[in-house]
Amino acid sequence: MGHVLSESQIEAYRENGFLVVEGLFESDFVDRARQVVDDLLSSQDLNSVAETEPGDASKARRIWAPTSRDKVFAELAEHPRLLDAVADLIGDDLILQYSKLNVKAPHVGSPVEWHQDFAYYPHSNTDLVAALVYLDDATRENACLQVAAGSHKSGLLSHEVDGFFGGKIVSLDGVGVAESTVVDCQGKAGSVVFLHPLVVHSSEQNNSDRYRRAFIPAYRASDAFPLYYGPHAAHNEPTAKLVRGKVSKTARSEGGTWRLPLAAAEFNSLFEIQEGAHLRSGRKATTGYFSHEAESDAAPVAGM
């Protein structure tokens with residue numbers, strides 16, 4: 001195990017709640033991943049591998065459980081250099097909690113509203129980190145990630161809509177986050193954006209003629225345990241996998257209280273709840289998470 005991040009980078013992460021690291025992965029590795037994405041998106045039954053755009057069912061907006069679909073994503077998620085960087089941020093005992101791949105196709109790529117990941121998946125402590133691996137050059141024009149720097153210091157903010165969990169922060173001003181703190185996380189393909197679970201982030205619709213694909217493995221310290229096993233969170237745990245260090249025999253708790261993500265109706269997709277589609281349909285949408293992950297050969301974490 002080595003150190004990938006400098007002390008100044010670690011301090012920047014702690015101060016801002018995010019960190020952009022350029023060129024963490026070589027171009028040939030990224031090219032392999034992009035080819036796999038292209039192959040998946042050319043599937044005759046796109047609905048079997050992805051959640052599609054509501055305005056264009058021929059376009060995907062998210063590929064489910066990519067680490068169980070092709071070994072290139074498992075290799076990315078468990079790459080020693082990536083794990084070294086994550087360990088620099090949250091310690092040496094690491095669990096790969098889940099993976100996803102946001103597609104953001106040209107001209108139709110769905111926006112992601114302001115939110116904190118921890119609002120969806122509260123844990124006993126906040127030593128969690130999501131690693132957003134850009135598979136394409138990400139710029140303001142093709143909807144790179146946006147982060148409200150320092151917002152992780154404000155704790156867990158309200159994601160309620162009409163009294164229920166709505167999966168989004170309705171307005172930054174409404175929760176005391178200044179618009180002036182918003183930063184564009186631009187980066188070349190192969191760059192990685194590390195996100196604190198409480199940092200407020202979003203991305204706009206992709207109105208450009210270029211893809212903005214991002215593979216997102218999410219990690220947690222082995223002594224951070226889920227506090228909520230509701231319908232949209234439960235699919236993570238059967239395949240949660242120890243990728244470095246040892247399984248914890250104790251749960252480490254941070255003081256305070258966490259608001260639970262209790263929605264007005266069941267949902268699986270972040271997009272679905274942010275758009276309110278879970279209320280219009282009257283039933284939980286089929287997303288493929290459960291059926292696909294049941295086939296995964298990932299080893300579950302002991303005791304879970």
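Trainee: At 0% relative accessibility, does R220 count as buried or exposed?

Mentor: Buried means under 20% relative accessible area, exposed over 50% and partly exposed in between (1.4 Å probe, protein chains only); R220, at 0%, therefore counts as buried. Please keep in mind that this is a predicted model, in which local features need pLDDT of at least 70 and side-chain atom pairs count only at pLDDT 80 or more, while totals for chains, interfaces and linings use all residues. Residues are numbered from 1 along each chain as its sequence is written, and side-chain values use heavy atoms, with hydrogens and water left out.

Trainee: Which side chain meets that of R220 in a salt bridge?

Mentor: Side chains of opposite charge can pair when their charged atoms come close. The criterion for a salt bridge here is a side-chain nitrogen of Lys or Arg within 4 Å of a carboxyl oxygen of Asp or Glu. R220 meets E237 in this way, with an N to O distance of 3.1 Å. Since R220 belongs to strand β13 and E237 to the loop between β13 and β14, the pair ties together parts that are 17 residues apart in sequence. E237 is likewise buried, at 9% relative accessibility. Strands (E, at least two residues) and helices (H or I, at least four) are DSSP runs, numbered from the N terminus.

Trainee: How many salt bridges does a search of the whole structure find?

Mentor: The search finds 18. One of them joins D127 to R252, whose closest N and O atoms are 2.8 Å apart. This pair links distant parts of the chain, with D127 in the loop between α5 (117–120) and β6 (128–134) and R252, 125 residues away, in the loop between β14 and α6. Both partners are partly exposed, D127 with a relative accessible area of 21% and R252 with 32%. A further bridge connects E204 with R140 at 2.7 Å, N to O. E204 sits in the loop between β12 and β13 (214–221) and R140 in the loop between β6 and β7 (145–148), so parts 64 residues apart in sequence are tied together. E204 is partly exposed at 34%, and R140 is partly exposed at 36%. Salt bridges also form a network that links D38, D136 and R213.

Trainee: Which residues of α4 are buried?

Mentor: They are L82, L83, D84, A85, V86, A87, D88, L89 and I90, which makes nine of the eleven residues in the helix (80–90), a mostly covered element. Just after α4, G91 takes a positive phi of about 105°.

Trainee: How many disulfides does a search of the whole structure find?

Mentor: A disulfide is a pair of cysteine sulfur atoms within 2.5 Å, and the search finds zero. C144 is in no disulfide, its nearest cysteine sulfur being that of C185.

Trainee: What does V20 touch, not counting residues up to four places away in sequence?

Mentor: V20 touches C185, Q186, V192 and V193. V20 lies in strand β1 (residues 18–21) and is partly exposed at 26%. V20 and V192 are 172 residues apart in sequence, yet their C-alpha atoms are 5.8 Å apart in space.

Trainee: Which residues form a nonpolar patch on the surface?

Mentor: Patches are made of residues with over 30% relative accessible area and no salt bridge, with like charges joined within 9 Å and nonpolar side chains (Val, Leu, Ile, Met, Phe, Trp, Tyr) within 5 Å. Here L227, L260 and L262 form one, with about 270 Å² of accessible area together, by the Shrake-Rupley method with a 1.4 Å probe, where for residues only the protein chains shown count as cover. L262, in the loop between β14 (241–244) and α6 (270–275), is partly exposed at 49%.

Key
Contact means heavy atoms within 4.5 Å.
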